[in-house]
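Please look over the sequence and structure before reading on.

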Amino acid sequence: MRERGQTEAECLLAKEDEAFTYNKRVNRLALVQEHFMIVRAIERGVSEEKLAKALGVNIEHIRRRRKLLHGICEEAVGLLRDKVVNPVTFNVLRKMKAVRQVEACQLMVSASNYSSSYAKALLSATKDADRARSAHP
């Protein structure tokens with residue numbers, strides 16, 4: 001402000017500390033949304049290295065997020081689009097055929113549980129016919 005030559009500024013004063021926490025104003029980005037954002041940036045010519053540097057993450061993080069939805073059917077993605085999902089959950093879903101992925105995602109949504117341990121439990125309850133690869137050779 002000094003560089004601009006301003007001598008006065010409007011200020012907001014918080015008289016009650018209790019009602020405000022810094023995390024209250026943070027918007028969390030869902031994993032699926034992050035994937036689409038990264039893919040769109042790469043399609044528009046932004047390099048993975050530049051993205052990693054701008055986001056302050058390792059380049060492997062960008063690569064994992066870019067490949068996050070490979071092998072996941074569109075219906076399942078639609079069900080999890082705005083949910084806070086553990087990334088390992090998608091690894092487990094990949095082991096199921098598309099129909100079972102949708103069923104598993106519907107169960108996750110109804111239970112509001114998107115953890116990898118719940119996904120693994122659903123996988124263990126999946127018949128061999130509904131798995132991408134047979135559980136028993």
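Which residues does Met-96 touch, not counting residues up to four places away in sequence? In this predicted model, Met-96 touches Gln-101, Ala-104, Ala-119, Leu-122, Leu-123, Thr-126, Asp-130, Arg-131 and Ala-132. Met-96 is also one of the residues with the most contacts inside the largest nonpolar core.

**Nonpolar cores**
- The largest nonpolar core has 22 residues, and Leu-69, Ile-72, Leu-80, Phe-90, Leu-93 and Met-108 are, like Met-96, among those with the most contacts inside it.
- Two or more residues of this core come from each of α1 (31-43), α4 (74-80), α5 (87-93), α6 (98-111) and α7 (116-124).
- Helix α6 gives the largest share, four residues.
- In soluble globular proteins, nonpolar side chains tend to be buried together.

**Helix α3**
- Helix α3 spans residues 59-66, and its buried residues are His-61, Ile-62 and Arg-65.
- These buried residues line one face of α3, because they fall within an arc of 100° when seen down the helix axis.
- The buried residues of α3 pack against α1, α2 and α5.
- At the N-terminal end, α3 is capped by Asn-58, with a side-chain oxygen 3.1 Å from the backbone nitrogen of Glu-60.

**Confidence**
- The average pLDDT of the protein is 88, and 88% of the residues score at least 70.
- Confidence is lowest in helix α2 (residues 48-55), with a mean of 92, and highest in α6, at 96.
- Where pLDDT is low, the predicted coordinates should not be read in detail.

Conventions: Residues are numbered from 1 along each chain as its sequence is written. This is a predicted model: local features need pLDDT of at least 70, side-chain atom pairs count only at pLDDT 80 or more; totals for chains, interfaces and linings use all residues. Side-chain values use heavy atoms; hydrogens and water are left out. A nonpolar core is a set of buried Ala, Val, Leu, Ile, Met, Phe, Trp, Tyr and Cys residues joined through side-chain atoms within 4.5 Å. Buried means under 20% relative accessible area, exposed over 50%, partly exposed in between (1.4 Å probe, protein chains only). Contact means heavy atoms within 4.5 Å. pLDDT is the predictor's confidence in each residue, from 0 to 100. The arc is that of the directions from the helix axis to the C-beta atoms. A polar contact is a pair of N or O atoms within 3.5 Å; within protein, one must be able to donate a hydrogen and the other to accept it, and residues adjacent in sequence count only if both atoms are side-chain atoms.
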